[in-house]
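This briefing walks through one protein chain, from its overall layout to single residues. Please keep the sequence and the structure at hand while reading.

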Amino acid sequence: MKLKSTLAIAAALCLGATAALAQNAAPAKPAAKPAAAKKAAPAPATLPAADADQLAAADRTLLGEYQCEFSQSIDVSMNPKSNGYVDVKHQKQVWTMKPVLSSTGALRLEDVKGQTLLLQIANKSMLMDQKAGRRVVDGCVHEKQKAAALAAAK
C-alpha cells in the first residue's frame, strides 16, 4: 500500500508542477494576422474648372523634361483630362498640379492633393514635399531655363 500512496503522491506533484509551469510560461503568441491588402488608389476626383488666371499660369509652365541634380529628372506635361492642369512625373510618381502665378513672378505648380509643390523660377526649378517640409529634387533645369541663364551670363 505504501508504494501505491507514494506513486499517487509523486503523480500529484508532477501534475501540480506541470500546471504551475504552464501558468508561469509566457502566453502563446496570437496567430499572425493575414497581410493587409494594399489599398487601391482612389479614383481621381473631378477637378474644378480652371479660371483665367490658372489658364494664364498654365501657358507659362515650361513643359517637357527637366534635368536635375544627382542625375535625376522630372517631366511636366499638360493633364490630358483637365484643361489648365499639368502632370508632374518624378521616378514612378505622378502628381496632378494646378499652376499658380505668384506676386514675385515665380510659377507655383501646386499638387491638387496638397502633398507636393513644383516651384519654377527663371533659372531653375525644385520639387518639394510640403507635408514633410523637404526637397524631393532640386536644381532642375528646363532647356528654356538653361538658355535664359546663358543669355543672362553674357
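Asp111 touches Trp95, Thr96, Met97 and Thr116, when residues up to four places away in sequence are not counted, contact here meaning heavy atoms within 4.5 Å. This is a predicted model, in which local features need pLDDT of at least 70 and side-chain atom pairs count only at pLDDT 80 or more, whereas totals for chains, interfaces and linings use all residues. Residues are numbered from 1 along each chain as its sequence is written, and side-chain values use heavy atoms, with hydrogens and water left out.

**Overall layout**

- The chain contains 3 helices and 8 strands, where helices (H or I, at least four residues) and strands (E, at least two) are DSSP runs numbered from the N terminus.
- Along the sequence these elements follow the pattern α-α-β-β-β-β-β-β-β-β-α.
- Of the 154 residues in the chain, 25% count as buried, a term that stands for under 20% relative accessible area, with exposed meaning over 50% and partly exposed in between (1.4 Å probe, protein chains only).
- Among the contacts in the chain with a separation of 6 or more, 33% come from residues 24 or more positions apart.

- Asp111 belongs to strand β5, which covers residues 107–111.
- Asp111 is buried yet has no salt bridge, and the nearest side chain of opposite charge, that of Lys113, is 6.6 Å away; a salt bridge is a side-chain nitrogen of Lys or Arg within 4 Å of a carboxyl oxygen of Asp or Glu, and for charge Lys and Arg count as positive and Asp and Glu as negative, while His and the chain ends are not counted.
- The side chain of Asp111 does reach the backbone nitrogen of Gln115, at 3.2 Å.

**The disulfide**

- The structure holds 1 disulfide, defined as a pair of cysteine sulfur atoms within 2.5 Å, and this bond joins Cys68 to Cys140 with an S to S distance of 2.1 Å.
- The pair links distant parts of the chain, with Cys68 in strand β1 (residues 64–68) and Cys140 in strand β8 (residues 134–140), 72 residues apart.
- Both Cys68 and Cys140 are buried.
- The torsion about the S-S bond of Cys68 and Cys140 is about 110°, so the disulfide is right-handed.

- β1 and strand β2 (residues 72–78) pair in the antiparallel sense over 5 bridges, two strands being paired if DSSP finds at least two bridges between them.
- Within this pairing, Glu65 has Asp75 in β2 as its bridge partner.
- β1 and β2 form a hairpin with 3 residues between them, and in the turn Phe70 has a positive phi of about 60°.
- β2 also pairs with strand β3 (residues 86–90) in the antiparallel sense, over 5 bridges, and Met78 stands opposite Val86 in β3.

- β5 and β6 run antiparallel and are joined by 4 bridges, with Leu109 having Leu118 in β6 as its bridge partner.
- The hairpin of β5 and β6 has 4 residues between the strands, and Gly114 there takes a positive phi near 80°.
- β6 and β7 likewise run antiparallel, joined by 5 bridges, and Thr116 has Asp129 in β7 as its bridge partner.
- A hairpin through 4 residues joins β6 to β7.
- β6 is mostly covered, since 4 of its 5 residues are buried.

**Leu117 in β6**

- Leu117 sits in strand β6, which covers residues 116–120, and is buried, with a relative accessible area of 8%.
- Leu117 touches Met97, Arg108, Leu109, Glu110, Met126, Leu127, Met128 and Gln130, when residues up to four places away in sequence are not counted.
- Leu117 and Asp129 are 12 residues apart in sequence and, from C-alpha to C-alpha, 6.6 Å apart in space.

**Gly133 in a loop**

- Gly133 lies in the loop between β7 (125–129) and β8, and at 63% relative accessibility Gly133 counts as exposed.
- Gly133 and Thr116 are 17 residues apart in sequence and 9.5 Å apart in space, C-alpha to C-alpha.

Terms used: Polar contact = N/O pair within 3.5 Å; in protein donor to acceptor, adjacent residues only side chain to side chain.
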